[in-house]
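Subject: Structure handover

Hello,

Here is the structure you will be taking over. My notes on it follow below.

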Amino acid sequence: HTPGLKVLYPSNPVDAKGMLLAAFEDPNPVMFFEHKALYRSLTAEVPEGYYTTPIGQAAIARPGSDLTIITYGMGVHWALNAAKNYSGKVEILDLRCINPIDEELIFTTVNRYGKCLVLTEEPYNNSFAQALSGRIQKNCFQNLDAPIYVMGSENLPAIPLNSTLE
């Protein structure tokens, strides 16, 4: 909620490099998050040259025809794995950037299919995903065929940072 603060959360090595270089060029403060489980578990050919990935521009990670799953970071890989059982039916939208958010692409894909699942790793209550589902509901209500479903972690107390308490 800090004006001018940008929050990036790539899901793959190609985006990570392009977004990190874009963050260096951006005059605003940028927070860059990566999911630890993606380290050494995901590989990709990353272009050697200098390139940037536009900040605030989401990407279709998998085209579909019936339902949109909106997620970011490791959630993209969870959704891709789950979508294997539903060939061609599930479109997966990789947000890549939490703030600013690509509302235009989000609303376009949700309006196209009328069904939406917002997937996050964070606890369900008071989450970014809950806020996003409210924005989708407000802007896509006329085209929704079903309620927006938000899937997140259980609402548990915070994990202690002290290793003996873990």
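Arginine 135 has a relative accessibility of 34% and so counts as partly exposed; buried means under 20% relative accessible area, exposed over 50%, and partly exposed in between, with a 1.4 Å probe and protein chains only. This is a predicted model, in which local features need pLDDT of at least 70 and side-chain atom pairs count only at pLDDT 80 or more, while totals for chains, interfaces and linings use all residues. Residues are numbered from 1 along each chain as its sequence is written, and side-chain values use heavy atoms, with hydrogens and water left out.

Salt bridges

The structure holds four salt bridges (a side-chain nitrogen of Lys or Arg within 4 Å of a carboxyl oxygen of Asp or Glu). In one of them, arginine 135 pairs with glutamate 103, with 2.5 Å between the closest N and O atoms. This pair links distant parts of the chain, arginine 135 being in helix H4 (residues 128-140) and glutamate 103 in helix H3, 32 residues apart. Helices (H or I, at least four residues) and strands (E, at least two) are DSSP runs, numbered from the N terminus. Glutamate 103 is also partly exposed, at a relative accessible area of 30%.

Arginine 112 forms a salt bridge with glutamate 91, and their closest N and O atoms are 3.5 Å apart. Arginine 112 belongs to helix H3 (residues 103-113) and glutamate 91 to strand E5, so the pair ties together parts that are 21 residues apart in sequence. Arginine 112 is partly exposed at 46%, whereas glutamate 91 is buried at 3%.

Arginine 96 pairs with aspartate 15, with the closest N and O atoms 3.1 Å apart. Here the two residues are 81 residues apart: arginine 96 is in the loop between E5 and strand E6 (97-99), and aspartate 15 is in helix H1 (residues 13-25). Arginine 96 is buried, with a relative accessible area of 9%, and aspartate 15 is buried, also at 9%.

Strand E5

How many of the five residues of strand E5 (residues 90-94) are buried? Five of the five are, so the strand is largely enclosed by the rest of the structure. Val90, Ile92 and Asp94 lie on one side and Glu91 and Leu93 on the other, and both faces are covered.

Strands pair if DSSP finds at least two bridges between them. E5 pairs with strand E3 (residues 59-62) in the antiparallel sense over three bridges, and isoleucine 60 has leucine 93 as its bridge partner in E5. Strand E4 (residues 67-71) runs parallel to E5 and is joined to it by five bridges; the partner of threonine 71 is aspartate 94.

Aromatic pairs

A search of the whole structure finds three aromatic pairs. Rings of Phe, Tyr and Trp (its six-membered ring) pair if their centres lie within 6.5 Å; planes under 30 degrees apart count as stacked, over 60 as edge-to-face and the rest as tilted. Tyrosine 9 and tyrosine 72 have ring centres 5.1 Å apart and planes at 65 degrees, so the pair is edge-to-face. Both of these tyrosines are buried. Tyrosine 72 and phenylalanine 128 have centres 5.9 Å apart and planes at 80 degrees, so this pair is edge-to-face too. Ring pairs link Tyr9, Phe33, Tyr72 and Phe128 into a cluster.

Regards
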